[in-house]
Amino acid sequence: MKIKSIAYLACLGWCASLVGATLSAPTAVQVQPDPASAVIVVLKAGTEQPVASDKVGPPPAGWTAVDVPGPFVAFVKNKDLSKALDVIPGANVYLTPRDGTPVLTTFAAGDKAEITGLHGGWTQIRLEKTLVGYIQMSPAAPAAPIAEAPAAPAATPAPAAPAAAAAPAEAYIPSRLYEGTLASTKSLLGGKKPYAWQLSDADGNLIAYVDLSHLLLTDQIENYSGHPVVVLGSLKPIEGSKDLVVDAEGLRLK
């Protein structure tokens, strides 16, 4: 216990000496105090030294914990969205939309997130949260690279958010870009679907239905069918079901 206390005090003293200091070289802030862990952000040389975090206990020798303010481009699984299109507290938030990707944080009650896109079975979010990251205090091997996360899609200015008291069926997401394979919902064996078209993932699973009724196409819709596409539109839940629909404003091949 005494050894841990001494190490912690030494770390605090080291951090205090850096108040107001700037970084002399690009510095990786990592998810865990481990050189092989994923990188949250790389701070440029000349950036002011991050504030030491008091949200966690003393880190291992050679590391310091720092607060990293958001926003962050991150991803959650579609199943972790509520009917009102809110991220469910307790859901894992990931760095990239791939299975096995590092967990960035766990979504907590009170956290703020804005949906900015769909990527198959994943939802891209803009996470407004201060995270705790780790900086290596002594020279060591470079941190292991991670797959680059898709850039946040360009979007039109968002209108005012819906009132908090709005019913879940009225929830919607301002115009964003959504990706998937455009597929017809018509089937001789299946029942009638709420919309004639849908976005599907690589396995043919439904991501969201697509409402094309307000879209003026210059090409035949069949030219898009079965191909990866990007849809610009607003995402909203379908009343009486767990499914979503994109009210399309634009459509192009990916």
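Which strand does threonine 123 lie in? Threonine 123 is part of strand S8, residues 122-128. A word on names: helices (H or I, at least four residues) and strands (E, at least two) are DSSP runs, numbered from the N terminus. Before we go on, keep in mind that this is a predicted model, where local features need pLDDT of at least 70, side-chain atom pairs count only at pLDDT 80 or more, and totals for chains, interfaces and linings use all residues. Residues are numbered from 1 along each chain as its sequence is written, and side-chain values use heavy atoms, with hydrogens and water left out.

Back to threonine 123. Its relative accessibility is 1%, so threonine 123 counts as buried. Buried means under 20% relative accessible area, exposed means over 50%, and partly exposed is in between (1.4 Å probe, protein chains only). Leaving aside neighbours within four places in sequence, threonine 123 is in contact with residues including Ala74, Phe75, Val76 and Asn78; contact means heavy atoms within 4.5 Å. With asparagine 78, the side chain of threonine 123 also makes a polar contact of 2.6 Å. That term stands for a pair of N or O atoms within 3.5 Å; within protein, one must be able to donate a hydrogen and the other to accept it, and residues adjacent in sequence count only if both atoms are side-chain atoms.

Now for the nonpolar core. This is a set of buried Ala, Val, Leu, Ile, Met, Phe, Trp, Tyr and Cys residues joined through side-chain atoms within 4.5 Å. The largest one here has 43 residues, and Ile125, Leu182, Val210, Val231, Leu235 and Leu251 touch the most other members. Strand S14 (residues 244-253) gives this core its largest share, four residues. In soluble globular proteins, nonpolar side chains tend to be buried together.

S11 runs antiparallel to strand S12 (residues 206-211), and four bridges join them; two strands pair if DSSP finds at least two bridges between them. Look across from glutamine 198 and you find tyrosine 209 in S12. S11 and S12 form a hairpin with five residues between them, and glycine 204 in the turn has a positive phi of about 85 degrees.

Finally, the charged pairs. The structure holds six salt bridges, each one a side-chain nitrogen of Lys or Arg within 4 Å of a carboxyl oxygen of Asp or Glu. One of them joins aspartate 67 to lysine 55, with the closest N and O atoms 3.3 Å apart. This pair links distant parts of the chain, 12 residues apart: aspartate 67 is in strand S3 (residues 63-68), and lysine 55 is in the loop between strand S2 (39-43) and S3. Aspartate 67 is buried at 17% relative accessible area, whereas lysine 55 is exposed at 52%.

Another salt bridge brings together glutamate 179 and lysine 254, at 3.0 Å between the closest N and O atoms. Glutamate 179 is in strand S10 (residues 173-184) and lysine 254 in the segment after S14, 75 residues apart. With 24% relative accessibility, glutamate 179 counts as partly exposed, and lysine 254 is exposed at 62%.
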